[in-house]
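Here is a friendly briefing on how some chains of this assembly meet. Have the structure open as you read along.

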Protein chains: 6
Amino acid sequence: MRKQLSTRILTAIMTTDHAYAHCDLPCGVYDPAQARLEAESVKACMEKYHASDDPEFKTRAIAIKEARSHLVKEHLWVLWTDYFKPPHFEKYPQLNDLFNQATKLAGAGGTKGTVDVVVADQLLGKDR
Amino acid sequence: MRKQLSTRILTAIMTTDHAYAHCDLPCGVYDPAQARLEAESVKACMEKYHASDDPEFKTRAIAIKEARSHLVKEHLWVLWTDYFKPPHFEKYPQLNDLFNQATKLAGAGGTKGTVDVVVADQLLGKDR
Amino acid sequence: MRKQLSTRILTAIMTTDHAYAHCDLPCGVYDPAQARLEAESVKACMEKYHASDDPEFKTRAIAIKEARSHLVKEHLWVLWTDYFKPPHFEKYPQLNDLFNQATKLAGAGGTKGTVDVVVADQLLGKDR
Amino acid sequence: MRKQLSTRILTAIMTTDHAYAHCDLPCGVYDPAQARLEAESVKACMEKYHASDDPEFKTRAIAIKEARSHLVKEHLWVLWTDYFKPPHFEKYPQLNDLFNQATKLAGAGGTKGTVDVVVADQLLGKDR
Amino acid sequence: MRKQLSTRILTAIMTTDHAYAHCDLPCGVYDPAQARLEAESVKACMEKYHASDDPEFKTRAIAIKEARSHLVKEHLWVLWTDYFKPPHFEKYPQLNDLFNQATKLAGAGGTKGTVDVVVADQLLGKDR
Amino acid sequence: MRKQLSTRILTAIMTTDHAYAHCDLPCGVYDPAQARLEAESVKACMEKYHASDDPEFKTRAIAIKEARSHLVKEHLWVLWTDYFKPPHFEKYPQLNDLFNQATKLAGAGGTKGTVDVVVADQLLGKDR
């Protein structure tokens, strides 16, 4: 269910012609790479978690995945607030939903709260 | 113009029956006090900035206002993503706009980018 | 023993007429809500830890409890140093002890080092 | 006046046989070097501030001094809460006052709020 | 002089077949985009600094440029330590010098200590 | 093997006549104590990890060790970039290797990725 809703969310967000407000001067440097890189790191942490039998390593993997998931949220929030202007929201009325779902997918109900690689793929906009 | 749009934004957000998702366990502790306190601090920093003739103090006031404005954004983002669920957004269709405008008001186009106390009052949901 | 000593510590601290120095401009915004909210979050993390059988979730609960306990310490330290002035300490000679015990209760010998909800209640000034 | 009060505060704190609780495991590593190094950095930032005519450099010096002053506070708070136990406070009844005054000296009423090198020397326990 | 030395440093670093160790699990996600984006932000902050007459804005631009320059250093350090292995250093004996010069270029002797756009271009590996 | 390579690395780094660039003003305060203290904390966290049977405590020990190992890397990176100048590198051609190996020893392939006290001793420049 959640899967259906979230499929292609990040794909949609990351393949449109927008980008990430980089700092709050604002400096005007925009690039979707930051959120996507963190999301890829989240997925890689999950895969390494499953491939390991070392409880210490698994503990580290969970903690680092938590931090990287949070960075996904941060980069998406910055984009939603700082990059997109009223004309964008008028032109793409689904933007609010996409960002709300994507940040939820990177939160406790998403990649923070699970080691299920499927959820990381949903965050990355890939269905399985 | 912006003033009209933003009037009562925070009032609306902060007086409804919702609250702030406190951490991403999630722990379930919710309270609007955190965002409001930071917004009050932003306003106080602006007032102290204007009341001072000391260039060192004014530099410090700007830097601290920047950090506190950012915390307003953070607390509001957490609420928007972590506390509100689909039923809230259905019941209050204006929620997305309110949060987008409020976080913008705490950003570079708002309290980060100005020492105008009127903008801080807008963030606090007070008109003048 | 520790229980007897610490009973009503936070109650005492949080119900007097003082408040929290919010930033170090200082901005003059004071409110006890910040420390109390974090302490409530600590307790909620412990309760969720006990209610779960998922080892990943339990790892996350411990890490988040650690961070939130630290924020309790931070908010109390700021109050002790920045809000209270010599006249307060003269009028309330027990203030130093109260804050020292309360910050210890939020540290490794307190809520950082245990998942015992009783200790969180002591931090919150509630006896059992 | 403040000068008289604070003279030898840090000297007293930093020359007794105690040390700094290093982390909140607690790991048991104690050393007064951390607070002292940050205090020396605060003083050096002030001296470089005065020696420069470059407004950009002076802005940077104030911001970095602010951050370093805050680290002095942090290291002293950790020591006060985490290293010292009840027997220390019984043996040295002035400990609470010393730490409260020293952290105030590193705050807005001290090295954060001024570029006066005399105040940094007071924080370092040196009179002039 | 410095210019000659540093020309093409980042170009060299960022166009070889290596990449950035993303976290210290390590997760294995590598991409040079992070350092380059921050360096572009540094340059943009400098340009906005020069284009403005607002002292408050200029103060903000300096502070944000400082933070972004620091992120360039961080990303480069991570790469130098975590991505490159002994075989890389044997194959590219100039790697140590390149990274040392590039991180210096992003530090106090480089983009942190100046608003000269030429230095940002050197960091970005562009000559003028 | 790694042991042989890394033996006396930190000893070499920490017993020469250099020191740590403390901040990026730069303030000019240099002291090797910061990296060494964090490395000692890393080792103490490992020892406490082994001495405990409490899974919660062991989780905390791993997380805190991770953070402290990272601080070792940070302090060493600052020294390598900010303190050492070209003449140092000419005089001590092994400096690059020493720092690269030492920061690797404090990373995922070193004290972050293990609870083996021998590795902490290698980081501290002590052979066994």
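How many residues does the contact take from chain E and from chain A? It takes 22 residues from chain E and 22 residues from chain A. Please keep in mind that this is a predicted model. The notes below cover that interface and then the one between chain A and chain C.

**Chain E with chain A**
- Together, chain E and chain A bury about 1900 Å², with 66% of that area on carbon and sulfur atoms.
- On the side of chain E that touches chain A, the elements giving two or more residues are α3 (33-51) and α4 (55-83) of chain E.
- Of these, α3(E) provides the largest share, 9 residues.
- By class, that side of chain E has 12 nonpolar, 3 polar and 7 charged residues.
- The count of salt bridges across this interface is 0, while 8 residue pairs (both at pLDDT 80 or more) are in polar contact.

**Chain A with chain C**
- Here the contact draws 9 residues from chain A and 4 residues from chain C.
- The two chains bury about 520 Å² between them, 53% of it on carbon and sulfur atoms.
- A:Ile62, A:Glu66 and A:Gly113 account for 60% of the area that chain A buries against chain C, more than any other three residues.
- There are 2 salt bridges across the interface of chain A and chain C.
- One salt bridge joins the side chains of C:Glu56 and A:Lys65, at 3.1 Å from N to O.
- The side of chain A that touches chain C divides into 3 nonpolar, 3 polar and 3 charged residues.

Methods: Residues are numbered from 1 along each chain as its sequence is written. Chains are lettered from A and ligands numbered from 1 in the order in which they are written. This is a predicted model: local features need pLDDT of at least 70, side-chain atom pairs count only at pLDDT 80 or more; totals for chains, interfaces and linings use all residues. Side-chain values use heavy atoms; hydrogens and water are left out. Contact means heavy atoms within 4.5 Å. Buried area is the accessible area (1.4 Å probe) that two parts lose on being put together, summed over both. A salt bridge is a side-chain nitrogen of Lys or Arg within 4 Å of a carboxyl oxygen of Asp or Glu. A polar contact is a pair of N or O atoms within 3.5 Å; within protein, one must be able to donate a hydrogen and the other to accept it, and residues adjacent in sequence count only if both atoms are side-chain atoms. Helices (H or I, at least four residues) and strands (E, at least two) are DSSP runs, numbered from the N terminus. Ala, Val, Leu, Ile, Met, Phe, Trp, Tyr, Cys and Pro count as nonpolar, Asp, Glu, Lys and Arg as charged, and the others, Gly among them, as polar.
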